[in-house]
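This briefing looks at aromatic rings and at the charged groups that accompany them. Please keep the sequence and the model in view while reading.

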Amino acid sequence: MISFFTGIIILILSGFIVKLYDKKYKILILSILNTIASSLYLIPAVKVLTNGQSLIQLFDFNNLFGTVCFQIDQLSAFFILIISIMNVVSIIYAKGYLKAYADKSIDAHLIFFQLLVASMLAVVSCQNAIMFLICWEIMSLSSFFLVIFENEKKEVLKAGLSYLVFMHISVIFIMLAFAILSVKSNSFDFSTFANILNGHRSLANIVFILFFIGFGTKAGFVPFHNWLPEAHPAAPSHVSAIMSGVMIKTGIYGILRTLTFVGTPSKTISFIVFIVAIVTALYGILYAITQNDIKRLLAYSSIENIGIIGTGIGLGMLGTAYNQPIVAILGYAGGILHILNHSIFKELLFLSAGSVYTKTHTRDIEKLGGLIKSMPQTGILFLIASISICALPPFNGFVSEFLIYMGMFKGLAINNFFALIIMLFGISCLALVGTMAILCFTKAFSVIFLGMPRSESALNVSQDNSKSMILPMCFLALLTILIGVFSVIAFAIALRPVNLLINISQYSIIPEVSLIFFITMYALLFLVILTAIILMKLKSTKGKISMQETWGCGYNKANNHMQYTASSYASPLLSMLTPLFKKVFDIEKPRKLFPESSHFNLQIEDIEEAYIINPLIKYDEWFLSKFESLQSGNIQSYIKYGLIFLIIIIVGSLFIK
């Protein structure tokens, strides 16, 4: 554990150390220090994942909140592994990305980035309620300051404040749950909570629901997701990457840690988690398809993948509740492995989107096109990530989703009619989610990288990004392939934290593992054969392929208006689901036969935000406006308010015995 805390100390100090260096060396020095720190806190995590023995460190805070335990168990070690990889990748990428902000001070940004990583490490290892809440709040505040990096923009500040409000709503529920457990156990230590909930089903259900709302808001479960599509587009891409790839997963960590307190969950709670997760996955991918802002699209896609992770966890809970251990193991393993997989391919997607933004200065898909010619490396990496997120073999996304599918098919054997219906519903919905994910990312890749440039922004791109941006993305792309090919090893790593939720030693899951191995090997063989065919074709033509223009239907030359837009590509599906959206049109109709200007723009608003949150905010503004006169600026008035309050308190105290 000494190396773990040494790594955290180096992380925190490095943000201040780089203030001493010239701007062009800051991120280089920070990357080196981050690599050293990550290596240090990765050592105990790998040790725990290898031998299964937890590491514990105690700190005595005397009368503040007693002895605080930091523990790296198999669940913590798995998250530390993810944090360490994504931290180094993001900070190396930032070296190239932040060059565009040469006129802006980045000292505070780098300090808050280090605090975010350090606080996430503390959150996943802390075993004391008070210290956990402190670290959780540091994580929320540091990420808030990272989101508002471009605070001169009004929309960025609005997104940051929205994020901060949601995080403080979530922490209220977490505090309530911890308060109940601490009062009942007379302790803040996590190890005492399981004893309190054991045998008290109603109390366990209340505590779990409070934790699920609190942690689910951080993770982005529907209907607590609204901050996520606002915050990710506002933040710099390397921050969006680590927030989506890692930070929102701390909410999943909180839910999994809660399950270690609760033990065997109730069937009702298990069904609720499973259904909420399925709805979240459907909602997220459906709204991702509607988006024309690439980072907003990826943010909604994160909601979808949180739903897939939640589906695995809910399936595991159902397996435990119905005493179906194979279902539980496959569900938990699929959900936990998808945490790692999503971290990899979603970080790669956000970094690719950032690379596009640095060259074109726009996130609007409708203004892009043809970038594969000028940015071939970014285009190929985005394609790899897109295939991975669509869960196609032999990439990593396939493995975790396949485990969840297998778990649901095994769940059909549960001797309960409602459970059978829910399993069939889950299988159907996950298949639909996969289909819509393919639609979403074929739209994103084709409109951004294929075809012809749709604006000057895409036309004037001369070359791809610097190596400091490309190399971290290549590393992530390599991980997507390695996990997909060596899926059995990845599955074995995911089983380590599952062991904390259900004892896996007495159950055989060799058939499921063998099937994963067979399918991935088959997909890899297919890729090898396809590559061989392409190479043979190139050899037969000696690398020269004759190119001729096809018949242009009377048009001499193609132009950027003769191709699909992002909106038209998704329109056939979305037109069937009109009631699920609020459409906002911006139309300038042509007023004569040969109009000088006209345009059509369609924006899709989140129905929850449009019909619930925005009306509540407007009502709140109206209500508070009734008290504006109280803030008159007159000191005598303020003294009067204080005297009235004191009189009320004194009179009220006379009636209190």
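Are Tyr287 and Tyr300 buried or exposed? Both Tyr287 and Tyr300 are buried, in a model that is predicted.

**Edge-to-face pair**
- The ring centres of Phe271 and Tyr322 lie 6.1 Å apart with 70° between the planes, and because planes over 60 degrees apart count as edge-to-face, the pair is given that description.
- Phe271 belongs to helix 12 (residues 267-290), whereas Tyr322 sits in the loop between helix 13 (294-321) and helix 14 (325-360), so that the pair links distant parts of the chain, 51 residues apart.
- Phe271 and Tyr322 are both buried.

**Stacked pair**
- Tyr287 and Tyr300 form a stacked aromatic pair, with 5.5 Å from centre to centre and 25° between the planes.
- Because Tyr287 lies in helix 12 and Tyr300 in helix 13, this pair ties together parts that are 13 residues apart in sequence.

**Aromatic cluster and charges over rings**
- One aromatic cluster is formed by Phe132, Trp136, Phe178, Phe190, Phe193, Phe211, Phe215 and Phe261.
- Trp136, which is one of the residues of that cluster, has the charged end of Lys218 over its ring, at 5.3 Å from the ring centre.
- The charged end of Lys104 is placed over the ring of Phe149, at 5.2 Å from the centre of that ring.

Notes
Residues numbered from 1 in each chain as written. Predicted model: local features only at pLDDT ≥ 70, side-chain atom pairs only at ≥ 80, totals over all residues. Heavy atoms only, no water. Phe/Tyr/Trp six-rings, centres within 6.5 Å; stacked < 30°, edge-to-face > 60°. Helix = DSSP H or I, 4+ residues; strand = E, 2+ residues; numbered from the N terminus. Buried < 20%, exposed > 50% of the residue type's maximum accessible area, 1.4 Å probe, protein only. Lys NZ or Arg CZ within 6 Å of the ring centre and 35° of its normal.
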